[in-house]
Amino acid sequence: MLHIAILLGKLVSWASKTFGLGAGATWPGEIALRLNPTILSSLACNLKKGVILVAGTNGKTTTSKMIQIILEQNGLSVVHNSSGANLDNGIVSALIGKSNADWGVFEVDENTLPSVISVLSFRPKSRNPEKKQWIPDQVRDDKRTIIVLLNIFRDQLDRYGEVDVIAQKWEKALRGSKATIIANADDPLIAHLGLFAKATFFGINDKTKFFTTMEHATDSTFCLNCGSRLKYEGIYFSHLGIWECTKCREKRPKPNISDGKSPLPGLYNLYNTLAAMSVAKILGIKADLAGFHPAFGRQEEVGNVKIFLSKNPAGFNQSLRTVLELGAKNLLFVLNDRIPDGRDVSWIWDVDFEMIPKDVSVRVSGDRVYDLALRLKYAGIKADIYENLEDALSGPLYVLPTYSAMLEVRKILKGRKIL
Amino acid sequence: MKLTIAWLYPDLMSTYGDRGNIIVLTKRCQWRGIDVGVKEITLETSVSELKKSDLIFMGGAQDRQQKLAGTDFLKHKGPFVKEMVEKGIPALFVCAAYQFVGHYYKPYQGDPIPGAGIFDLYTEHPSDQAKRLIGNVVAEVISSKKTIVGFENHGGRTYLGKNLAPFAKVIKGFGNNGEDGYEGAVYKNAIGSYFHGPLLPKNPHVADWLIAKALEEKYGKKIKLVESDDTLEWHAHRFAL
């Protein structure tokens, strides 16, 4: 049955690519999963060294690509869901293509992480007799599961639910896992998860990068342990910074990794870099990201257009700050409200558009172009409205699109949505 | 003229674009030459700051933050907000705040959580299997017959008592409970609504009603606000219809 599922998956993958139905990133896995619901762990058992899972609201795609590059530079073969299909069907699709690699490096959707952890955590069988879940018989102690936890920001509340609910689900999943955890020390929510999981921590130790005023879109400025207000020595962005609870004394753990040079602009990419370097350190291999090329839609350059995927307040504020630092004079924001974007566009009121200087010209487009134009009006900016996205994409431009809008922009500029 | 807006728990009860309401109230005052200030009222703020304000806004929250704010509201700020609302101070309670101002919130398990009892309403969460009421929503304000547009996302179902009038009639979406066809509530000059986050940007008529009422209460005379160019507001509004 396993072989039939894999064969059929490969056939679907070939067909969808050949007939232009899609990138073959989800359907092969979906069909294989329906034929064989336990196919994920069966396939993952063929990986020679183990799996690395990357989770978080922002930075999954970039960080997992960085980890892939580092492993490959060290002569290790990698299977990776590079198209960003990060549900179980996306991971299975990737594995169907190449399941005999040394490592599987997978970015995982926030809501999917708990189930993927339970299936992919390699651990000795005997330690877990009461668990009902299926444990692959090929489980071996010499394989590893490494989980990288980047951050949790408010994102698509209509789809993901509240930030705390996600953190609770993760905590439950991690409690039963023997995986090696790498966690962001500067995010109080993630650090709290990491503290009990005895994580390896990464974080930024550079006071010159503290942001002087606090952004409004913050989520975790109250202690996870006792509920008191957290005190920050300084904030890098959103709720990431050097924090401490004045009451119960839970505080930001000292990072094991804090020195790194990001190959991409933006403080958020320094976090992604440090996370990837932490993996290298744990595995005892070298990390050189100097020639790193960004993943699709993430600071990707297409001609004279630069695309910065921006899909939630924390990410949008960071993208905006970064493009302004890069000297952007022409901006295009594209806001869609489709399923992958979240149907609710309320979050644009948490983005600090007010930071845009007067001499920068702003265009808006997308399904909810008028919501964006209205938000900008209240930030004192008169935006040029483009109901047709294609018309908006002319001249040198920094584009900040939501997810489905990013795919549309790529389709127009490159003739294809993903890879 | 001068107006002070009290923004209750901006660090706890501002989940998804709630700030939009404050931005809109502030700008629409400034466009009319009204000297407007926003007082952020949170756990540590004394009630004397609250009492000096002319308009109240309180937004949505996530569970953990809601507990922190709820305890403080019930003990400290709630009784004064009640007094102010009774006196006719206009207020906007959105989402979790709308549930807070009722008599109680009953989770699907455990005891009911008491509310501030400012509005004659109660909220129940039917069961953990019950669907959250999520989506774009359109309703018609009962008093003005004008439409309001927004997005709702709530698990609790709210039922109004006989001393409270609904704010609007649902045209598309769920509203208070997905059963009786009503959305929100009005009591004196206070509005409660499940339209979460930025209710006011695409509904400038509601924003202006709150501003005008606040000025009328403060200066004791009928106020007619200077017209503003709301072409873009109504364009976004119509798009959501």
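Student: Is Arg132(B) buried, exposed or partly exposed, and how is that decided?

Tutor: The general idea is to count neighbouring C-beta atoms within 10 Å, where 20 or more means buried and 12 or fewer means exposed. In this predicted model, Arg132(B) has 14 C-beta neighbours inside 10 Å and therefore counts as partly exposed.

Student: Where in chain B does Arg132(B) lie, and which residues is Arg132(B) in contact with, leaving aside neighbours within four places in sequence?

Tutor: Arg132(B) is in the loop between strand S7 (121-124) and strand S8 (133-141) of chain B. Its contacts, with those sequence neighbours set aside, are Asn153(B), His154(B) and Gly155(B). UniProt, in an unreviewed entry, lists Arg132(B) under "binding site".

Student: Which domain annotation does UniProt give for residues 4-203 of chain B?

Tutor: The unreviewed entry has "domain: CobB/CobQ-like glutamine amidotransferase" for that range.

Student: How should I read the length of helix H11 (residues 313-325) of chain A?

Tutor: Compare the expected span with the distance between the end C-alpha atoms. At 1.5 Å a residue, the 13 residues of H11(A) should span 18 Å, and the end C-alpha atoms are 18 Å apart, so the two agree. After H11(A) comes Gly327(A), with a positive phi near 90°.

Student: Is H11(A) mostly covered or mostly uncovered?

Tutor: An α-helix has 3.6 residues a turn, so residues three or four places apart point the same way. In this case H11(A) is mostly covered, with 10 of its 13 residues buried. Among them are Phe316(A), Leu320(A) and Val323(A). The cover over the buried residues includes S7, helix H10 (267-283), strand S10 (305-308), strand S11 (330-334) and strand S14 (397-401) of chain A.

Student: What does strand S7 of chain A pair with?

Tutor: In a regular strand the side chains alternate between the two faces of the sheet. Here strand S7 (residues 230-237) of chain A runs antiparallel to strand S8 (residues 240-245) of chain A, and 6 bridges join them. Ile235(A) has Gly241(A) in S8(A) as its bridge partner. The hairpin has 2 residues between the strands, and Ser238(A) takes a positive phi near 45°.

Key. Residues numbered from 1 in each chain as written. Chains lettered and ligands numbered in written order. Predicted model: local features only at pLDDT ≥ 70, side-chain atom pairs only at ≥ 80, totals over all residues. UniProt positions renumbered as here; feature names shortened; annotations may be inferred. Pairing = 2+ DSSP bridges. Helix = DSSP H or I, 4+ residues; strand = E, 2+ residues; numbered from the N terminus. Expected span 1.5 Å × (residues − 1). Contact = placed C-beta atoms within 7 Å.
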